[in-house]
Amino acid sequence: MQEARALFDTLNTEYLTVHKTKEDLFWDTYMAVSSDDAGFARAEESYKNFISDPARLASVRNALAQLPEADTDEATKAVRHGLTGWLALFESNIVDSDAARQHMRELIQMESALFAKRRDLVLQHINEAGELEASTLSGLATNMATNRNEAARKSSHDALMSLEQWVLANGFLDIVRKRNAFARAQGYANYFDYKVEKNEQMSADHLFSILDDFETRTRDANQRALGDLQTAHGADAVQPWNLRFYVSGDVTRQLDPYLSFGKGLERWVESFRRLGIQYRGATMQLDLLERTGKYQNGFCHGPIPSFVDANGQWVAGQINFTANAQPDQVGSGARAINTLFHEGGHAAHFANVTQNSPCFSQEFAPTSMAYAETQSMFCDSLLDDADWLKRYARNAKGESIPDALIHERIKTTQPFAAFGERGILVVPYFERALYQMDDAELTPEQVLTLARACEQRILGVAVGPRPLLSIPHLLNQESAASYHGYLLANMAVYQTRAYFERQYGYLTDNPAVGPALSEHYWARGNGISHNDTLLSLTGEPFNAKYLADSCNQTVEQAWEQAQAQMASAASRQYPESTAPDLDAKIRIVHGAELIADNAESDQAMCQQFERWLAEHYPATVH
C-alpha cells in the first residue's frame, strides 16, 4: 500500500509541474505575449512524453495489482480510485512503439513550425467603413453576417479562401501524412480512427451511425431553408459570403444595441451567479480582444487542474480563456457574450472537479471532447432563450429587447437551425475522408475537391460560408479529428435542457442549475463516462432526438415556445442565488496588460472593464 501511495503522490506532483509548464508557455505563445515557440515545443514534448510513457503505465498496473482485492479502508479506496484515473489517462495516451514516438516528436515540431508561420499571416477584408483592414477569423465571420455591402462581405470570404490555399501550401498535408503514419505505427488504419477511439471510446463506424442518423433527420429541413431563402432573396442569397447576412445580418444589427460589448462581462458574471455556478476559488485569466499575432479562436485551458491533494486540501484551479472580439464591429457584443458563456462554462466544469488527482480535471484524453463541450455549449445555449434575452438584453436607456425583435430573430434563424448544426457535421465527414486518402492522393487539388464535395453534400451549397480548410481546429493535433465532439455535445445539451424544463419549467436564472451540473456532470471529471453523466442527471442514456426535434421546429412552433417562456418569466418570482459572487479571482488582460480584476469586487471589475473600453473604443459602452 505504501508503494502504491508513493507512486500516486509522485504522479500527481510530477504531472502538475509538466502540465503547468506546458500550459503557461501555450498561453504566452498563443496570446502573442512570447515568441518562444521552441520552448513551447520542448514543453509540449515533455508533456506528451509524460502521458505516453509505457514505464509509468506499467508502474500503475503493478501498483494496482499489489493492492488488496477489496478496499479495507478509505485510504486504500482513495489510492485505488486515483491510480485507476492514472491508468485511464496513460492507456488513452500511450504510444507503445518506438516508431510512433518518433512520429510524435516530428509532429510536434511540424505543428509548432506551422503555428509560428500562421501567427504571422495577416488576413484582410473591407470593413463597415469601406476600408481595407487586417482582420481575425472572428472579424471575418462577423463582417459576413452584418456588413450591408456585398463586395465587403465577399472580401471576408475571399480572405478565408486564401487561408485555405495558404494552409495547403505551408505543410498541412505533410502533417496529415505524418499523423496517419503515427496512427498506423500503433495499429490503426488512420489518424481519424485513432482519435475517435482514444477520445470518445468508440469506433469511427459507431460515431458515423450517430452522425448519419442526424444527417438524415435534418436533411429535409436544411434543403427547405435554402430553397425558401432563394425564393425570398434570389439565387445569390446562398452564395457563401451572403448566407450569414441573409440568415442573421439585419437582425444582428438590430440586436446590437441590446447586446453591447461593454456590458457583456457584467451580464456573464450576473447570469452565472444567479444560476448558482461557482468556481471554488479558481484563479481565472481572460483575454477577450483581438490582437495581431494572437490565436484566432477562443479556447479554455487550465494550467492547474482542480483536485483534493494528499493532505485533503483543496487545490483550486488556475484557468485561462480567450476570445477575439473587435469591440467596434457590429455584432461583436453578441459574439463576445457567447464566448464568455461558452468558455466560462468550460472553466466552471474544470474548476469543480473534486477528485483526488489532477488527472481527472484536465481537458485532454481520457476526457471526452463531447463531454467537455456539453458543459460549455449548455451554458451558451441560454443566450438563445427568449426569457434570457428579455431579462438581460437591454439598450443604453435600460429598455429591454422588444418582443417583436425576438420574433424577428426567430423568423430569421429558426429555419437555419439545421444548417447551423450541419455546419458542425460537415467537418467530421471531411476529416474522416481526408485521413482515409492515400499519401499520394493528398494533393492540394484533390483535398480541395474533397472539401467542396463534402460542403455540397452536407450543407447543400457549393462552398461553405466557413470553408473547411480555414477552420483552425484542423491544424492542431489536440483538436484535429475531434470536431464531431461539438455536435455530440449539442445533442447532450438539448437532452439536458429538456430535463431542466421538465423538472423546473425554466432555465434562465434558476439557482438549481449550477449545483445540479456540479453534482452530476462536473464533480467526477473524466472518472465517469459522458453517457453516465446524462443517466445520472436526466435518467436517460445519450439521445440525439432532442436536438433534431429542435432543428426541425417551424418558426411558428419556436415563437409559441418563446412566448410561453416570456409569459412565464414575467410572472415568476425568481429565487435569489445564495452566492454573492462567482468565488473566483478574475483578471481581464489584453496581452501583458491588466485591464481589470475583481480584487475589490466583481462589480468593480466590470466597471474597470467598461472604463478601459470607453477609453479605447468609445462607441462600445452603453
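In the residue classes used here, Ala, Val, Leu, Ile, Met, Phe, Trp, Tyr, Cys and Pro count as nonpolar, Asp, Glu, Lys and Arg as charged, and the others, Gly among them, as polar. The model is predicted. By these classes, the lining of the largest cavity comprises eight nonpolar residues, one polar residue and no charged residues.

**Cavities**

- Three cavities of 30 Å³ or more are found in a search of the whole structure.
- The largest cavity has a volume of about 60 Å³.
- Its lining consists of Phe261, Gly264, Leu265, Leu288, Ala323, Ala325, Ala336, Leu340 and Phe609.
- Two or more residues of this lining come from each of α12 (264-274), β7 (318-325) and α13 (332-351).

**Second largest pocket**

- The second largest pocket has a volume of about 350 Å³.
- It is lined by 19 residues, of which Glu200, Ser368, Ser529, His530 and Asn531 are the closest to its centre.
- The elements contributing two or more residues to the lining are α10 (204-233), α14 (369-381) and α21.
- Helix α21 gives the most to this lining, with three residues.
- Ten nonpolar, eight polar and one charged residues make up the lining of the second largest pocket.

**Packing of α20 and α21**

- Helix α21 (residues 530-538) also packs with helix α20 (residues 513-522): their axes come within 8 Å and cross at roughly 140°.
- Because of this angle, α20 counts as oblique to α21.
- The crossing of α20 with α21 is right-handed.
- On α20 the contact is made by Ala516, His520 and Tyr521, and on α21 by Thr533, Leu534, Ser536, Leu537 and Thr538.
- The residues of this contact divide into four nonpolar and four polar, with no charged residue.

**Packing of α1 and α4**

- The axes of helix α1 (residues 2-30) and helix α4 (residues 74-93) come within 10 Å, crossing at roughly 50°.
- This angle makes α1 oblique to α4.
- Helices α1 and α4 form a left-handed crossing.
- From α1, the contact involves Ala4, Arg5, Leu7, Phe8, Leu11, Asn12 and Tyr15; from α4, Val79, Gly82, Leu83, Trp86 and Phe90 take part.
- The contact of α1 with α4 has nine nonpolar, two polar and one charged residues.

Notes. Residues numbered from 1 in each chain as written. Predicted model: local features only at pLDDT ≥ 70, side-chain atom pairs only at ≥ 80, totals over all residues. Heavy atoms only, no water. Axes fitted to C-alpha atoms, helices over the stretch in contact; angles between N-to-C directions. Helix = DSSP H or I, 4+ residues; strand = E, 2+ residues; numbered from the N terminus. Parallel < 35°, antiparallel > 145°, perpendicular 65-115°, else oblique. Left-handed = near helix turned anticlockwise from the far one by under 90°. Contact = heavy atoms within 4.5 Å. 1 Å grid on protein atoms, 1.4 Å probe; cavity = no way out; pocket = protein on both sides within 12 Å on 5 of 7 lines; lining within 4 Å. Points joined across faces, edges and corners; volume = space filled by probe spheres on them.
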